[in-house]
2 protein chains.
Amino acid sequence: MATDQTRTAILIAAERLYAERGFSDVTLRDIVAAANVNLAAVNYHFGSKDELIAELFVTRSIALNRERLRELRAAEDEGGGRAEISAILRALVGPILRGCLGPQNQRSAVAQFMIRASIESVPPIRRIKTKEIDHLRKFAGAMQRALPDSSEVDLFWGLHFALAMAHHTIRESERLTKLSDGRCDLDDVEDVIERVVRGAVLGLTARMSAAKSAPKVAAREAR
Amino acid sequence: MATDQTRTAILIAAERLYAERGFSDVTLRDIVAAANVNLAAVNYHFGSKDELIAELFVTRSIALNRERLRELRAAEDEGGGRAEISAILRALVGPILRGCLGPQNQRSAVAQFMIRASIESVPPIRRIKTKEIDHLRKFAGAMQRALPDSSEVDLFWGLHFALAMAHHTIRESERLTKLSDGRCDLDDVEDVIERVVRGAVLGLTARMSAAKSAPKVAAREAR
DNA sequence: AATAGTTTCATACAATTGTTTGAAACGCAA
DNA sequence: TTGCGTTTCAAACAATTGTATGAAACTATT
């Protein structure tokens, strides 16, 4: 078996191509061409195309979640077991944003692949995706410890909105650049992260500290 | 030509199927089966599959934008030419959220189709999508009038985040329900709209009115 | 060196897809 | 009714895709 050259060559090429062009645009023939291996190698080493994608997703999902948890633990340690809400959210959205934005050359295939997976939702991935929820629960737990007075529902919405802003920014970065005539700088990743975190934190903390600052918000009229 | 029965039957069936199952899962044979017409009818009436999708997208895009603008104008009229920022954002995200969430039976195929289009980004749609930016500029303009002291960049980010929260909520409604064990009620559309609008407005107005309320937000540590 | 197990390769297969074709059916004016 | 343009239809076509096959090449143990 040696070093599984062929196997890993396929994995690397598949991840890169899927990350760049999406699942629906990339065929097995594209992958084996990029990996410089024979077409039949995919079925020989992985059984089927779906199993290749599944293995890729599982591996990368673990890697991304590990990085997120690493940052979360670091933040918790720094705060003596209780992390700031902003640090928690930064740990949640930072890794994916850093991996998908910024200078082209230092973007990570892992993060870009995961975004594709979260966008396209191809069958083999959909089947696995349930596990992601367990991962998010850890962040929900940390948020609850950071903001013990907030309602659970509000916390879930805050978590959800943080991911919303992060993912949408990655997916529509081109549109935002065009809309703003380049004035929104998507290459300043740390600035983007702070904007996302700030937006989410405001939504989570406004009830307690800034409830009266935006009076008209709750007013309903139309319909 | 009579009433173009076949043509419209194809359009209706295609919109419903695409909205329900996405572009990649629906074949022309699925569409003509649902529409009860012959396979060749698609190419006869539309030229190609891509042109069918393009016509659908253009039509529906116009319909959704019209509804958004109608609500925006209504809000502006009520405020004597200057709409509240919350009303502007409500006009932006309300129509799509109302069309995609809530009771299954009263969801609109238009809105669901547009979400699919914004998610999957199939070639014929990508080519047209530039026009959407012009539409968003109108909302950016209204926001600028509502918050003349805000920087343009912040306004664009606010607009972007509002759409982020709306679209992500539609796409990941199932996950949010599961994550929160059903405690986040996605069927209460008006509540969802208020949460999205509130989140976006807070981000836009916090600098002026609640800057000191969330002190730690801007602090950077880790790395 | 010989052999057994693993891996690679060219090629073929079967299924699916969008598209085309040419004849049949239809609608309607002359 | 006749004739003509439009629309429908069944069938076939060409291209693409994931998968399977069987022989060849390779590896390593005996």
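Trainee: Which residues come nearest to DNA strand C?

Mentor: A residue is near a strand if one of its heavy atoms lies within 4 Å of it. In this predicted model, 15 residues sit around DNA strand C, and Thr6(A), Tyr44(A), His45(A), Thr27(B) and Lys49(B) come nearest.

Trainee: And on the DNA side, what share of the atoms within 4 Å of the protein belongs to sugar or phosphate?

Mentor: For DNA strand C that share is 52%, and the rest of those atoms belong to bases.

Trainee: Which side chain has a polar atom 3.4 Å from a base nitrogen?

Mentor: Look for N or O pairs within 3.5 Å. Here, Asn38(A) places a polar side-chain atom 3.4 Å from a base nitrogen of DNA strand C. Phosphate oxygens take part too: one is 2.8 Å from a side-chain N or O atom of Tyr44(A), and one is 3.4 Å from such an atom of Asn43(B).

Trainee: Which elements give two or more residues to the surface near DNA strand C?

Mentor: From chain A there's helix H3 (40-46), and from chain B helix H2 (28-35) and helix H3 (40-46). H3(A) gives the most, with 3 residues.

Trainee: Zooming out, how many helices and strands does chain A have?

Mentor: Chain A has 11 helices and 0 strands. Its C-alpha trace spans about 65 × 45 × 35 Å along the principal axes.

Trainee: How many of its residues count as buried?

Mentor: Buried means under 20% relative accessible area. Of the 223 residues in chain A, 52% count as buried.

Conventions. Residues are numbered from 1 along each chain as its sequence is written. Chains are lettered from A and ligands numbered from 1 in the order in which they are written. This is a predicted model: local features need pLDDT of at least 70, side-chain atom pairs count only at pLDDT 80 or more; totals for chains, interfaces and linings use all residues. Side-chain values use heavy atoms; hydrogens and water are left out. Helices (H or I, at least four residues) and strands (E, at least two) are DSSP runs, numbered from the N terminus. Buried means under 20% relative accessible area, exposed over 50%, partly exposed in between (1.4 Å probe, protein chains only). A polar contact is a pair of N or O atoms within 3.5 Å; within protein, one must be able to donate a hydrogen and the other to accept it, and residues adjacent in sequence count only if both atoms are side-chain atoms.
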